[in-house]
Amino acid sequence: MRVKIDIDTRTFVRFVLVLIGFGLGILAVYYLRSALILIGISLFLALALSPPINWIARHIPGDKEHRVGATAIAYFIVVTLLAGVLLLIVPPVIEQSSKFAQTVPSLIDQVGDQRQVFEQFIKQYGLQDQVDQAINNAKSQASSFATNVGGVLVNGVGATLNGLINLLFVFVLTFLMLVEGPMWLRRLWGLYQDESKLERHRNLVYRMHRIVTGYVNGQLIVASIAGVCTLVVILVLSAIFPLPANLAIPLAVIIFIGGLIPLVGATIAAVLVALILALNSLPAALIFAVYFIVYQQIENNFIAPTIQARNVEVSALTILVAILIGVSLLGLLGALIAIPVAGCIRVLVNDLIDHNRKVRSETTKNPLKKLAAKLKSAQ
């Protein structure tokens with residue numbers, strides 16, 4: 001049995017044009033991915049900073065609609081906090097680094113004292129040839145590294161400059177979005193002629209904005225819990241082991257900053273803290289490492305999903321799945337935006353379901369609308 005499908009030329013041309021446009025859109029996104037990532041980060045920061053800026057704008061004297069002053073004040077507060085954090089963290093880290101540099105000669109002397117033991121071991125088991133070969137390989141690798149060190153330094157300097165330029169772009173874009181955002185929203189809402197559609201879309205934007213700000217607040221709570229727990233643990237360790245008590249607050253701040261980045265940030269911060277503790281007491285560093293492994297499991301599977309589920313209004317399972325998908329697609333950036341994106345998608349899907357249910361209910365109640373819908377579908 002053959003089935004013949006007739007498609008007019010206009011429909012076929014539209015279908016081909018839609019496919020071409022879709023392909024060109026994907027290609028444009030691929031080539032503009034770096035710029036789109038910077039714009040996305042700026043938009044995320046602007047949404048996160050808009051509540052405090054709105055509060056500042058309401059409480060500063062002058063024109064309440066003029067957001068430049070409020071944004072400048074918020075930026076000044078952020079820069080001041082960052083400078084304070086650096087002043088709190090950098091001196092203890094420098095002190096521990098100088099302490100490590102002072103202990104290096106004694107470590108070398110200890111290795112030298114054990115040289116005879118190593119030589120006897122090598123002679124006893126006939127490992128001299130293998131040791132000589134390993135030394136030669138190390139020398140050749142060192143010479144090749146020295147040859148390429150110039151290129152490595154140039155690439156490192158270029159990457160650093162590129163990162164600083166991107167950071168500057170993000171700050172400028174975020175500032176402009178915060179200043180001009182309400183104006184663009186007013187222009188957008190002015191394009192609507194249907195009052196019901198305007199109200200629906202405005203409610204959607206408000207709910208998604210609340211999702212993003214709730215996520216930021218939730219992440220701050222999670223990082224604060226990690227920082228306070230670290231502070232308590234290090235104070236306890238300083239009472240048992242020879243650790244300076246003044247390390248507790250800077251190391252807790254390091255854990256707090258790392259905790260702002262989901263999944264990997266807290267782990268990187270914990271490794272840095274463990275290294276600093278190891279310069280003073282190796283048993284204390286090992287105990288802290290065991291503590292943090294246990295705490296990280298509790299945070300990843302209970303604390304963070306519970307808090308974010310309450311703030312972002314999605315289930316803990318959805319949060320974990322969103323983070324895994326985000327990390328697989330965009331790495332660290334995906335981990336940062338996965339939870340708010342999942343919350344926004346949930347808002348859009350629920351709104352679409354509620355809207356379709358409302359339309360079906362109105363169509364069922366009104367026979368004329370039902371007849372008009374059937375005639376429209378028949379055409």
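Predicted model: local features only at pLDDT ≥ 70, side-chain atom pairs only at ≥ 80, totals over all residues.
1. **Overall fold.** The protein chain has 12 helices and zero strands. Along the sequence, the pattern is α-α-α-α-α-α-α-α-α-α-α-α. The chain has 379 residues, and 25% of them count as buried.

2. **Contacts across the sequence.** Take the contacts between residues at least 6 apart in sequence. Of these, 68% join residues at least 24 apart. Several of the points below give individual examples.

3. **Salt bridges, the count.** How many salt bridges does a search of the whole structure find? The search finds two. They are the subject of the next two points.

4. **Arg200 with Asp351.** These side chains meet in a salt bridge at 2.8 Å, N to O. Arg200 belongs to helix α6 (residues 195–240), and Asp351 belongs to helix α11 (residues 332–365), so the pair ties together parts that are 151 residues apart in sequence. What about burial? Asp351 has 10% relative accessibility and counts as buried. Arg200, at 24%, counts as partly exposed. The cut-off for buried is under 20% relative accessible area.

5. **Arg357 with Asp354.** This salt bridge has an N to O distance of 3.0 Å. Both residues sit in helix α11, three residues apart, which means that about one helical turn separates them. Arg357 is partly exposed, with a relative accessible area of 45%. Asp354 is partly exposed too, at 41% relative accessibility.

6. **Helices α8 and α9, geometry.** Two packed helices are described by the angle between their axes and the distance between the axes. Here the helices are α8 (residues 264–278) and α9 (residues 282–312). Their angle is about 165 degrees, and their axes lie 8 Å apart. Angles over 145 degrees count as roughly antiparallel. The two helices are therefore roughly antiparallel to each other. The crossing of α8 and α9 is right-handed.

7. **Helices α8 and α9, residues.** Which residues make the contact? From α8 come Ala266, Thr267, Ala270, Val273, Ala274, Leu277 and Ala278. From α9 come Leu282, Ala284, Ala285, Phe288, Phe292 and Gln296. By class, the contact of α8 with α9 holds 11 nonpolar residues, two polar and no charged.

8. **Thr71.** This residue lies in helix α3 (residues 68–113). Is Thr71 buried or exposed? Thr71 is buried, with a relative accessible area of 0%. Leaving out residues up to four places away in sequence, Thr71 touches Ile53, Phe175, Leu178 and Val179. Leu176 is 105 residues from Thr71 along the chain, and their C-alpha atoms are separated by 9.2 Å.

9. **Gly259.** This glycine is found in helix α7 (residues 248–259). Gly259 counts as buried, at 5% relative accessibility. Leaving out residues up to four places away in sequence, Gly259 touches Gln219, Ala223 and Ala266. Ala266 also belongs to the α8 side of the contact with α9. Where does Val222 stand relative to Gly259? The two are 37 residues apart in sequence and 7.0 Å apart in space, C-alpha to C-alpha.

Technical notes. Residues numbered from 1 in each chain as written. Heavy atoms only, no water. Salt bridge = Lys/Arg side-chain N within 4 Å of Asp/Glu carboxyl O. Helix = DSSP H or I, 4+ residues; strand = E, 2+ residues; numbered from the N terminus. Buried < 20%, exposed > 50% of the residue type's maximum accessible area, 1.4 Å probe, protein only. Axes fitted to C-alpha atoms, helices over the stretch in contact; angles between N-to-C directions. Parallel < 35°, antiparallel > 145°, perpendicular 65-115°, else oblique. Left-handed = near helix turned anticlockwise from the far one by under 90°. Contact = heavy atoms within 4.5 Å. Nonpolar A, V, L, I, M, F, W, Y, C, P; charged D, E, K, R; others polar.
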